[in-house]
Amino acid sequence: MTTATTGRTTAQGAVGTAHTRVEGRDKVTGAARYAGEIPFADLAHGWLVLSTAARGRVRVIETEPVLAMPGVLAVLHHGNAPRVDTDYIGLLGIPPDPTAAVFQQDRVHHVGWPVALVVAETPEQAREAAEALVVAYDEEPHDTELTTGHPGAHPAGGVMPGETGKGDLAAGLTASAVVVDEEYTTPEEHHSMMEPHAATARWDGGRLEVVDSNQGTTWIQTELASMFSLDASAVRVRSEHIGGGFGSKGLRAHQVAAVMAATELQRPVRVVMTRRQMFSLAGYRSPTVQRVRLGADADGRLRALEHRSLNQTSTVYEFVEPSAGVARVMYDADAHHTANEVTPLDVPSPTFMRAPGEAPGSFAIESALDELAERCGVDPIELRLRNEPEVGPVSGLPFSSRNLEACFREGARRFGWAERDPRPGVRRDGRWLLGTGTAAASFHSGAGPSTALLTAEADGSFTVRIAAADIGTGARTALTLVAADALEVAPERVRVRIGDSDFGPAMIAGGSMGTRSWAWAITAAAAELRERLALGADIPADGITVRSDTTEALGRLAQKERHSFGAQFAEVAVDTATGEVRVRRMLGIFAAGRIVNPLTARNQLVGGMVWGISMALHEEAVRDRASGALYAPDLAGYHVATNADVGDIQADWVDDPDPDDPVGIKGVGEIGIVGAAAAVANAVRHATGVRHRNLPIRPDRVLAAGVPTTAGGGTDA
């Protein structure tokens, strides 16, 4: 055992030391099977048929020719599918998206709306029949374009209040020596995880079993039980290995369709989305239009701040991309106003996507802070530190810890910020213009009630059972280390089983809350088990098992602002001939609680930063206004950063344990992407003198904006 420093005590333990994944060998040898690979006897296959109309009604579905095709077993649609209930509030406190409640109506609400499921003996037969199915529509005019001033725009709450405000904004701006008033936009973006959405449903002894790829088996269990009017105990959901989720793997059309088909046919049915179908049915990050107004004294101290964000949602489900929420945490002013607004359009429903709200919101507010620093003639880091709040700017609550300054100081030292010439467009490397930029980052640190089962086995080992989800983050390994320390044994004596709703309710893998929530439950169970073992209890053949539930403990937590923080740094090179932007190096320094496993945590942070590069320079889903459909909804047409786009990226952290968490955890899953795109955009401004307020910063946009030939010149794009 090595020594790990928590910030409060020093203890011998596994937490804080680097460990390779406990399931790593299974994954690289193929022994780990994903949802679409697990065999079932008598398995049938379903293939979704999606609408080609953007709005209207299904006039006719010509099922007879398809039912006569080889291997076809059934065609489910609005005329024959089982009825389901959507009048409930789900596990996360939000109602279900009606898109998931498939085949309940003849209305079509967007291109890609599910209109039928063809079920056949083989996936090839199902696909051929689905592609042959003729569906006719009565089409209606549609609207898919997000614009400012749209008559349907309105404030909306979602996971936070829609609007907040204090002080006189107009007076604050008028009294300010320097004012920034700009609009920033981000495009539609998609999760594009490696593993597609897949689910198999079967009835086993009167009980529904679903094998799925999801971010929380408890989540899917409760949603399916509510939708099909079942007791939760009559539904079992398993999801052992997940090849990425990023917020999209909740309740979707494929799970509901699979359950319907399995019910109708009384045999197992598997439904797997194609990559193109995922662009319509798996959710996405909404485009945003954000207006930021900052008013400051000549030294950059804020008097007034306004951050307003507009995103699109579907006409059947209101989803808010809470981009203005980041300003409610990061910066204060006497006049402080924020608002999140939505516009219903004839488009698929957006959903949570890595760092929802904070990722696009940080691009706007951190770009605006950079503009303010320029106009005040203040170093961008110094300006941010001058505006550090002592309490939550909106809530007034104390911070559990806020080590943003330490992140900036350490990052500036390691990045070489002190040698930076603040003048834009003066550094060159041949035909390349060079520039550096920075941005701050934050993401909420929370925990959800969870249960855990912990068994002391007769052979001296320990088994943890918890309905956690490892979506590629290394959760199994982190929980193994946490359990080992809580039990005061070596990690080799601990076996962690996850991804089964039969283990009891647990928090989902999302919002950077998974590891913190599950570790809390495991720690509580370990404390009770150690007490029982200390009394000298004999361990029977089936072991001694205890169960924990953190609901009461979390309810007793004092109200505080709990967040991870970070400082992002980027150096870019801009080709003056082609407009190409290359990120040569990035550095992120984070204050993200106690780091359980440095190996996988660093991977998470670097992965988020790479996604920030992708967000800044590449990702953009574009809709055809005439058809309402996406252009090229696949990984050939939707560009993401690849190895060739990624230079030297380093991520590290400062000591920052949460004093109110039993392990000191905050969370690292989301924070890596926050501020990363802004740091790149600010570096492009420094390199070229041109401010880009619309993502992505494509070569054509760089060329169209022009590159000043004199040092210190500047324009806006």
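1. In which hand of crossing does H15 pass H16? In this model, which is predicted, H15 passes H16 in a right-handed crossing. Helix H15 covers residues 598–617 and helix H16 covers residues 676–688, and the two pack with their axes 7 Å apart at an angle of about 55°. H15 and H16 are therefore oblique to each other. On the H15 side the contact is made by Met609, Gly612, Met615, Ala616 and Leu617, while H16 contributes Ala676, Ala677 and Val680.

2. A second helix pair can be described in the same terms, since two packed helices are described by the angle between their axes and the distance between the axes. The axes of helix H12 (residues 475–487) and helix H13 (residues 514–534) come within 9 Å and cross at roughly 30°, and because angles under 35 degrees count as roughly parallel, H12 and H13 are given that description. The crossing in which H12 passes H13 is right-handed. From H12, the residues that meet H13 are Ala475, Ala478, Leu479, Val482, Ala483, Ala486 and Leu487; their counterparts in H13 are Thr515, Trp518, Ala519, Ile522, Thr523, Ala526, Leu529 and Arg530.

3. Turning to the aromatic residues, a search of the whole structure finds eight aromatic pairs. In one of them, the ring centres of Tyr184 and Phe363 are 6.1 Å apart and the ring planes stand at 90°, so the pair is edge-to-face. This pair links distant parts of the chain, with Tyr184 in strand S11 (residues 178–186) and Phe363 in helix H9 (residues 358–376), 179 residues apart. Are Tyr184 and Phe363 buried or exposed? Both are buried.

4. Ring pairs also link Phe408, Phe415, Trp417 and Phe569 into a cluster. Phe415 has a charged neighbour too, as Arg585 lies over the face of Phe415 at 3.8 Å from the ring centre. Another arrangement of this kind involves Arg402, which lies over the face of Phe399 at 4.8 Å from the ring centre.

5. Some backbone details deserve a check, given that most residues other than glycine have a negative phi, and most peptide bonds are trans. Phe246, although not a glycine, has a positive phi of about 60°, and Phe246 lies in the loop between strand S14 (235–238) and helix H6 (253–265). With a relative accessibility of 28%, Phe246 counts as partly exposed. Gln266 likewise has a positive phi, near 55°, and is placed in the loop between H6 and strand S15 (269–272); its relative accessible area is 57%, so Gln266 is exposed.

6. The peptide bond that joins Leu695 and Pro696 is cis, with omega about -5°. Pro696 is found in the loop between strand S28 (690–691) and helix H17 (699–705).

7. Finally, Thr144 is found in the loop between strand S8 (134–139) and strand S9 (154–155). Is Thr144 buried or exposed? At 8% relative accessibility, Thr144 counts as buried. When residues up to four places away in sequence are not counted, Thr144 touches Gln312, Leu345, Asp346, Val347, Arg623, Asp624, Arg625 and Gly628.

Technical notes:
Residues numbered from 1 in each chain as written. Predicted model: local features only at pLDDT ≥ 70, side-chain atom pairs only at ≥ 80, totals over all residues. Heavy atoms only, no water. Phe/Tyr/Trp six-rings, centres within 6.5 Å; stacked < 30°, edge-to-face > 60°. Helix = DSSP H or I, 4+ residues; strand = E, 2+ residues; numbered from the N terminus. Buried < 20%, exposed > 50% of the residue type's maximum accessible area, 1.4 Å probe, protein only. Lys NZ or Arg CZ within 6 Å of the ring centre and 35° of its normal. Axes fitted to C-alpha atoms, helices over the stretch in contact; angles between N-to-C directions. Parallel < 35°, antiparallel > 145°, perpendicular 65-115°, else oblique. Left-handed = near helix turned anticlockwise from the far one by under 90°. Contact = heavy atoms within 4.5 Å.
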